[in-house]
Amino acid sequence: MSQVKRKLATILATDCVSFSKHMEEQEEKTLESLKACREIIDPLISKYSGRIFHTAGDSVIAEFDSPVGSANAAIEFQNAIKDRNKNEEVNPKLSWRVGIHLDDIIIEGDNIYGNGVNIAARLESQSPVGEILISDVVNQQINKKIEQKIHSLGKIELKNISSDFEVFSILGDGKNKISKKTSPSVNKKPKFAILPFVNTSKDEDSGFLVDGIVEDLITEFSMMREFDILSRQTSVNFKDENQDIKEFSKKFDLDFIVTGGIRASGKRVRINIELSDANDESIIWSNKYDRVLEDIFDLQDEIVRKISIALLGEIEISSLQRSKRKPTENISSYEYLLRGKENHHKFTKEANQEALQNFDKAIEADAGNAQAYAWKVCTLGQAMFRGFSERKMEEIFADAKQNIDKALELNENDFECHRMLSAVYLSNHDYLLAEDHGRKAFNMVPNDPRVLSGYGEVLVRIGKVEKGLELLNKAFELDPIPQGQSTSDNRIKDLILGYFFAEDFNKVVELSFDIRVMDTRSLALILYSRSKLNQDIKVSSEYESFKNEFKDTDWEQTIDRFHIQDEEIQKNLINFISSI
C-alpha cells in the first residue's frame with residue numbers, strides 16, 4: 001500500500017445546472033454549449049494556478065493552493081458564462097453552481113480524497129444558480145481580499161457532514177437563502193448500493209466473473225461497521241426490474257451509488273468504476289483499472305480503500321485484512337468458485353447440481369480454498385431444503401458437516417461457516433453454540449442480511465429481544481426480498497417472530513397483513529397475538545386458514561420446530577393452539 005500524503009488545499013467543485021434535462025431536449029446543441037463553457041472554465045482555473053483532478057464533462061473538481069485564487073477563478077468564469085448567456089443566439093443557456101472549501105486532503109497519485117472534496121461537492125449542490133457558495137473557513141481567508149461582496153446565508157445542513165454548517169455566497173444579493181433542513185439521518189452511517197456492473201466483454205461467458213467481482217466488493221463493504229450497504233440481491237433486482245436509479249435511491253434512502261463496467265479479455269480485466277451522490281448524481285470519485293486476473297484481490301482492496309477514503313476520509317478499517325479472506329492463489333480455483341456461486345444463485349435443480357460440480361473442481365484445483373468448501377455447504381443446504389437431491393437428508397447433512405469442518409480448519413475466520421453452524425445448532429436446540437457462532441459471523445460481517453437475520457433470530461429466542469429485533473429490521477431494510485425469493489414474506493415472518501418474543505402483539509398483527517403466503521409458525525403467532533389483544537380470532541383470515549389449510553397439522557411437533565428456548569412460552573403456545 002502506497003504511503004498516504006496529506007496537505008491543506010482549497011477545493012473548487014462546479015456543476016452544470018439541469019444538464020440531463022437539456023440533453024434530453026436538444027442533445028447536440030447542449031454538447032456544443034457545454035464545450036463552450038468548458039473552454040471558459042478550464043483556462044481560468046489554470047490562470048489562477050488551479051489543477052483539475054476530476055471531470056465528468058458537465059462537472060469539474062479542481063485543487064488550488066490559494067483560497068483567493070480559487071474564488072477569483074470562479075468569479076471570472078461565472079461572470080463570463082453569464083455574459084455569454086446574454087447573447088440571444090446561445091441555446092441552451094447553461095448555468096453553473098460552484099462550491100469552495102478549504103480543508104486537509106489526501107493525495108494518492110493524481111487523485112485527491114477527503115472531507116475537503118466531499119464538502120466542496122456538497123456546497124456546490126446547494127449553491128444558488130449562478131453563484132458561488134463558500135464555507136466559513138474560506139470566507140475568513142478571502143474576506144476583504146476580493147472585490148465582490150460576500151453575503152452570509154446562515155447555517156445549513158450538509159448531507160453526511162454536518163447539520164450546522166455556516167455558508168456564504170459570492171455573486172448573489174444575499175436573498176437566495178438556503179432553508180436549513182433537519183433530518184434524523186444527519187448522523188447516520190453512509191448508506192449506499194453497488195449496482196450490477198455492465199459486462200462490456202465480447203465473451204458473454206465472462207458474466208460469472210463480472211457478477212463475482214461485484215459480489216466480492218459488496219461482501220467487503222458488508223464487513224465494515226462504518227457503512228450500510230444494500231444486499232447483492234436488492235441490487236440485482238434493480239437491474240432485473242429496470243428501475244429508475246433516482247426512484248431506487250429514494251426508496252432505499254441511499255446516500256451514494258457505485259456503478260461500473262468490467263471487460264474481461266483472456267487473463268486481463270479492465271474495470272471502470274464511479275462513486276456518485278445518490279441525491280444530485282454528482283461524481284465523487286472515479287477510476288479506471290487495467291490489471292491481470294491474478295491481481296484481482298489486490299484491486300478489490302484498492303477499490304474498497306479508495307471509496308472508503310472518498311466517503312469518510314482516512315479511516316482505520318479493521319476488516320481490510322485480505323490475507324485471511326483471499327480465497328486462493330490459484331486463478332482456476334477462483335474461477336470455478338465464481339462459476340459455482342453464479343449457479344448457486346439460480347435456484348434450480350440443474351444449476352444446483354452444476355454448482356456442486358464447480359465447487360468440487362475448485363477444491364480439486366486448490367484443496368486449500370476454504371470458500372469453495374463453505375459455498376459447497378450452502379449449495380448442499382439449498383439442495384436439502386428445496387428438494388433438489390435424491391440423496392437421503394441424513395447423507396446430505398453429513399456431507400455438509402464434513403465440508404463445514406474442513407472450511408473452518410482452513411480458515412477459522414470464514415463467516416459463511418459460522419453463519420451456517422449457527423443455524424445448525426439452532427435447529428438442534430443448542431442455543432449457546434448457536435449464539436456463539438452467530439456472534440462470530442456478525443462480528444466479521446455486520447451488514448450481511450443473511451448474518452443479520454440468522455443471528456437476530458437466535459437473539460430473540462434467547463431473550464436478547466431488543467438487539468435481535470434491531471438486526472432483523474436491518475436485514476429487512478438492506479435486503480427486503482431475500483435471494484431466491486419473490487416476496488418479502490420471509491423477512492416479515494422473521495419480524496413477526498421477533499415482535500412475538502417482545503410481546504408487541506399489536507406489531508405482530510400489523511405485520512400479518514403484509515404476508516402473502518401463510519406458514520404454520522406465523523399463523524400460530526398471529527392467532528396467539530390476536531387473542532392477547534382480546535380480538536375475536538374466529539372472524540380472522542388466519543382462523544379460517546387454521547381450520548381449513550392447516551387442519552391436519554400436528555401442532556405440538558410443529559411448535560417444537562419453532563425452536564423456542566423458553567419452555568413456558570412454548571407450553572402456553574401449545575395450550576392456546578389446542579384450545580381452538
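The protein chain carries 77 positive and 98 negative side chains, with Lys and Arg taken as positive, Asp and Glu as negative, and His and the chain ends not counted. The centres of the two sets lie 2 Å apart, each charge being placed at NZ of Lys, CZ of Arg, CG of Asp or CD of Glu. The model is predicted: local features need pLDDT of at least 70, side-chain atom pairs count only at pLDDT 80 or more, and totals for chains, interfaces and linings use all residues. Residues are numbered from 1 along each chain as its sequence is written, and side-chain values use heavy atoms, without hydrogens and water.

**Overall fold**
- The chain holds 24 helices and 14 strands, which are DSSP runs numbered from the N terminus (helices H or I, at least four residues; strands E, at least two).
- Of its 580 residues, 55% are buried (under 20% relative accessible area, 1.4 Å probe, protein chains only).

**Aromatic pairs**
- The whole structure contains 12 aromatic pairs, meaning Phe, Tyr or Trp rings (six-membered ring for Trp) with centres within 6.5 Å; planes under 30 degrees apart are stacked, over 60 edge-to-face and the rest tilted.
- One of them, F442 with Y455, is tilted, at 5.7 Å centre to centre and 35° between the planes.
- F442 belongs to helix 16 (residues 431–444) and Y455 to helix 17 (residues 449–461), so the pair ties together parts 13 residues apart in sequence.
- Both F442 and Y455 are buried.
- Ring pairs also join F500, F501, F505, Y528 and F576 into a cluster.

**Charges over rings**
- R339 lies over the face of F208, 3.9 Å from the ring centre; the criterion is NZ of Lys or CZ of Arg within 6 Å of the ring centre and within 35 degrees of the ring normal.
- The charged end of K507 sits over the ring of Y499, 5.8 Å from its centre.

Key. Buried < 20%, exposed > 50% of the residue type's maximum accessible area, 1.4 Å probe, protein only.
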